[in-house]
Amino acid sequence: MELVAKIKSNSKLKQLAHWSILIPNQARPRLWIKWFVNPFIHRRGKKSCIRRRTRLDVVPWNKFSLGEASTIEDFSAVNNGVGDVIIGDRTRIGLSNTIIGPVSVGNDVRLAQNVVLSGLNHNYQDIDSPIHEQGVSTKPIVIEDESWIGANVVIVPGVTVGKHSIVAAGSVVTKDIPQYAVAAGNPAIVLKQYNFETEKWEKVSY
């Protein structure tokens with residue numbers, strides 16, 4: 001811990017540490033980090049699977065975990081550079097998904113194709129500096145257990161999708177979705193919610 005604190009307090013040491021871990025001008029860790037560091041830091045559950053064509057850009061200073069019997073399909077990209085990425089048990093991350101932390105995905109969740117979960121926004125307020133030089137702000141995304149996220153859905157920072165909820169294909173989710181709900185649209189709104197008293201899925205009126 002003393003070494004970590006020393007590196008963080010010294011700008012030159014911090015710059016050197018970043019250079020040794022990340023490829024310059026990229027968000028990708030160096031091969032020695034992938035091969036010799038990440039396997040001992042990040043958690044992979046039993047029977048979990050990360051397909052060969054997945055781009056796994058994970059660094060050692062934030063958490064990455066994939067639960068038991070969970071899968072990340074081909075052509076997906078996972079990045080924990082600015083926040084933890086936690087994926088639960090028996091969850092499937094579909095083809096060509098993009099997950100940028102901080103993101104927490106629960107158990108028994110299904111993400112269809114081309115879903116984007118990004119817990120970061122780029123700062124832009126200073127008009128005298130390029131946006132890419134102004135850093136980022138983060139808010140965690142939470143996808144609770146048993147939810148289904150349809151194809152081409154975008155979920156923005158700070159959103160929680162409640163347990164056993166469905167987000168229809170093509171939706172842009174900018175606000176929390178409650179548990180046991182069906183949401184759709186851009187921006188997404190709740191169309192139905194399960195009523196435990198009547199034991200039926202009922203339309204939500206606006």
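Arg-55 comes out as partly exposed, at 35% relative accessibility. Keep in mind that this is a predicted model. The partner of Arg-55 in a salt bridge is Asp-57, with 2.6 Å between the closest N and O atoms. Asp-57, for its part, is buried, since its relative accessible area is 5% and the cut-off for buried is under 20%.

Searching the whole structure turns up five salt bridges. Here are three of them, with their N to O distances:

| Salt bridge | N to O distance |
|---|---|
| Arg-55 and Asp-57 | 2.6 Å |
| Arg-51 and Glu-73 | 3.3 Å |
| Glu-73 and Arg-92 | 3.7 Å |

Now for Glu-73, which pairs with Arg-51 and also with Arg-92. What does the Arg-51 and Glu-73 pair tie together? Arg-51 sits in the loop between strand 2 (49-50) and strand 3 (55-57), while Glu-73 sits in the loop between strand 5 (71-72) and strand 6 (77-79), so the bridge links parts 22 residues apart in sequence.

The side chains of Glu-73 and Arg-92 meet at 3.7 Å, N to O. Arg-92 belongs to strand 8 (residues 92-93) and Glu-73 to the loop between strand 5 and strand 6, so this pair connects parts that are 19 residues apart in sequence.

Are these side chains buried or exposed? Glu-73 counts as buried because its relative accessibility is 13%. Arg-51 is partly exposed at 35%, and Arg-92 is partly exposed at 41%.

Terms used
Residues numbered from 1 in each chain as written. Predicted model: local features only at pLDDT ≥ 70, side-chain atom pairs only at ≥ 80, totals over all residues. Heavy atoms only, no water. Salt bridge = Lys/Arg side-chain N within 4 Å of Asp/Glu carboxyl O. Helix = DSSP H or I, 4+ residues; strand = E, 2+ residues; numbered from the N terminus. Buried < 20%, exposed > 50% of the residue type's maximum accessible area, 1.4 Å probe, protein only.
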